[in-house]
Amino acid sequence: MLNEPLICEPQEQQRQPLSFPPSLLNYLYVGHFLARWGARMWEFSVGLYMINVWPDSLALAAAYGVVESASTALFGPVVGRLVDKFTYIKVLRLWLLSQNFSFMIAGGTVVALLLYEDVKSENFIVFLSFILLINISGAVGVLFTLAGTILVEREWVVVISEGQHPGVLTKMNATIRRIDLVCKLFAPVVSGFIISFVSLTASALTLAIWNILSVCLQYWLLMSVYNGIPALSESSQKRVYRSLPTDSERSSLTDESRNSHCLGDNDLEPLGHGWMRKVIERVSRISYFSAWKVYLEQDVVLPGIALALLYFTVLSFGTLMTAALEWQGIPAYIIGIARGTSATIGILATFLYPVLESQLSTLRTGLWSIWSQWTCLVVCVASIWVPNKLGAAYLLMGGVALSRLGLWMFDLAVIQQMQDQVPESDRCVVGGVQNSLQSVLDLTTYVMGIIISNPRDFWKLIILSLLVVTLAAVLYSIHIYRVRKHLFHFEKLYPLVRIVFRSTYFLLYFET
């Protein structure tokens with residue numbers, strides 16, 4: 001009898017109503033959808049713009065990727081610090097205005113570049129200025145998209161789910177990821193059809209207009225969520241108080257200042273080691289270095305690194321693979337449909353993940369997910385030896401699409417581990433460093449694209465990508481072994497193997 005409440009408790013918790021109107025969650029989801037749609041349109045289209053401007057080379061597409069990834073890698077930790085330091089309203093305004101305005105400028109510049117086709121031959125300086133403006137504005141837009149990602153996925157989702165029944169956090173994580181994948185599904189399809197059946201110029205113009213019209217609606221929806229859920233305003237106030245120096249910190253700063261004035265020239269000579277120690281301490285206080293220090297001290301550092309390694313790949317429908325497929329003669333709308341199919345499989349992963357997580361645990365779901373992704377990517381490597389170019393391209397796209405099931409379940413598993421195990425005070429900083437690390441690996445991919453810029457050598461990048469995914473899977477397996485002291489329940493596998501062996505034996509016996 002004493003154990004009965006323990007059995008019924010999860011069902012009772014699942015029936016508990018939310019402490020705020022459920023419609024506010026829909027506002028959050030719609031606002032997030034509008035922001036992600038514009039970002040996904042740009043992400044898909046920029047590779048096609050660049051390969052069209054400079055045919056027969058991946059150099060321009062790779063150069064944009066370098067600028068975008070380098071900016072995120074360099075300023076990602078700083079963005080995480082800003083999100084952690086500013087109030088939610090300040091972050092919200094900075095995110096929406098900067099992201100939408102940057103993508104509007106990028107889209108408008110692409111329109112100008114496509115309308116004046118002879119500018120490259122007539123005035124190369126103006127052409128380079130257009131390319132530079134596209135790169136910078138696109139990179140700034142992606143950088144502030146990162147601020148919104150940290151705010152919504154790493155902060156608001158956790159704050160909103162606190163005090164609710166345990167399934168709310170898992171459900172919100174899956175829904176947010178599903179929205180991103182829906183945008184990844186339909187935005188490329190829409191952009192691909194506009195490019196194929198209207199023009200590249202119309203596609204860029206649509207992107208610019210979308211960001212102009214949607215920013216006000218995004219702001220109203222997300223402000224409604226902030227004003228309607230008291231936990232968000234309370235958390236925002238805590239952040240303000242946390243950023244203020246305490247009395248002990250003020251007194252220590254005053255003592256340091258007083259001591260520095262009291263030291264004479266003769267006092268400095270015997271303090272060589274102390275001076276060096278102070279330099280090291282001051283360097284460690286710089287936001288960039290302190291953010292990395294906080295990240296490396298987390299228990300989930302290996303899963304984070306494994307997730308980041310998955311960004312060092314051309315085996316995704318990103319800029320380089322899109323440009324390579326375009327070079328092979330695959331129409332833009334086919335690429336868009338293939339990318340949409342990939343996103344559909346990713347959406348299925350968001351439905352499958354909560355089921356597997358409840359049965360296997362978060363750790364083991366991540367293990368099975370990353371190795372299933374690796375298995376599907378082996379198909380992509382096999383496409384290298386297919387003699388028919390068109391058949392190889394479709395096999396490559398198929399392998400990438402199937403691998404999204406494991407990829408997005410692994411992504412959700414690592415994010416949930418970070419949400420559960422990273423302290424609240426470090427959450428935004430760790431999120432910023434994680435995105436920065438992912439951008440470093442993404443940047444490395446584009447650097448390799450510049451080095452191997454001939455589309456005929458794309459197969460070399462495919463093999464390199466599989467090797468890096470293998471390394472990520474091994475690192476996560478090491479983490480699992482460190483935490484659980486084993487990878488598989490061999491004692492559970494033995495009865496299964498014995499049943500299979502006996503069934504095979506009886507089949508062979510009756511056949512003979």
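This is a predicted model: local features need pLDDT of at least 70, side-chain atom pairs count only at pLDDT 80 or more; totals for chains, interfaces and linings use all residues.
Me: Why are helices α4 and α6 called roughly antiparallel?

Reply: Helix α4 (residues 88-115) and helix α6 (residues 124-161) pack at an angle of about 150°, with their axes 8 Å apart. Angles over 145 degrees count as roughly antiparallel, so α4 is roughly antiparallel to α6. The crossing of these two helices, α4 and α6, is left-handed.

Me: What makes the pair of Tyr 27 and Trp 220 tilted?

Reply: The ring centres of Tyr 27 and Trp 220 are 5.6 Å apart, with 45° between the planes. Because Tyr 27 lies in helix α2 and Trp 220 in helix α8, the pair ties together parts that are 193 residues apart in sequence.

Me: Why is the pair of Phe 193 and Phe 197 called stacked?

Reply: The planes of Phe 193 and Phe 197 stand at 25°, and planes under 30 degrees apart count as stacked. Both residues lie in helix α7, four residues apart, and so are separated by about one helical turn.

Me: Is Phe 197 buried or exposed, and on what value does this rest?

Reply: The relative accessibility of Phe 197 is 55%; exposed means over 50%, so Phe 197 counts as exposed. Phe 193, with 35%, is partly exposed.

Me: How do you know that the charged end of Arg 178 sits over the ring of Phe 351?

Reply: The charged end of Arg 178 is 3.8 Å from the centre of the Phe 351 ring, and the distance criterion is within 6 Å. Lys 90 likewise lies over the face of Phe 86, at 5.9 Å from the ring centre.

Key. Residues are numbered from 1 along each chain as its sequence is written. Side-chain values use heavy atoms; hydrogens and water are left out. Axes are lines fitted to C-alpha atoms, for helices over the stretch in contact, and angles run from 0 to 180 degrees between N-to-C directions. Angles under 35 degrees count as roughly parallel, over 145 as roughly antiparallel, 65 to 115 as roughly perpendicular and the rest as oblique. A crossing is left-handed if the near helix is turned anticlockwise from the far one by less than a right angle, and right-handed if clockwise. Rings of Phe, Tyr and Trp (its six-membered ring) pair if their centres lie within 6.5 Å; planes under 30 degrees apart count as stacked, over 60 as edge-to-face and the rest as tilted. Buried means under 20% relative accessible area, exposed over 50%, partly exposed in between (1.4 Å probe, protein chains only). A charge sits over a ring if NZ of Lys or CZ of Arg is within 6 Å of the ring centre and within 35 degrees of the ring normal.
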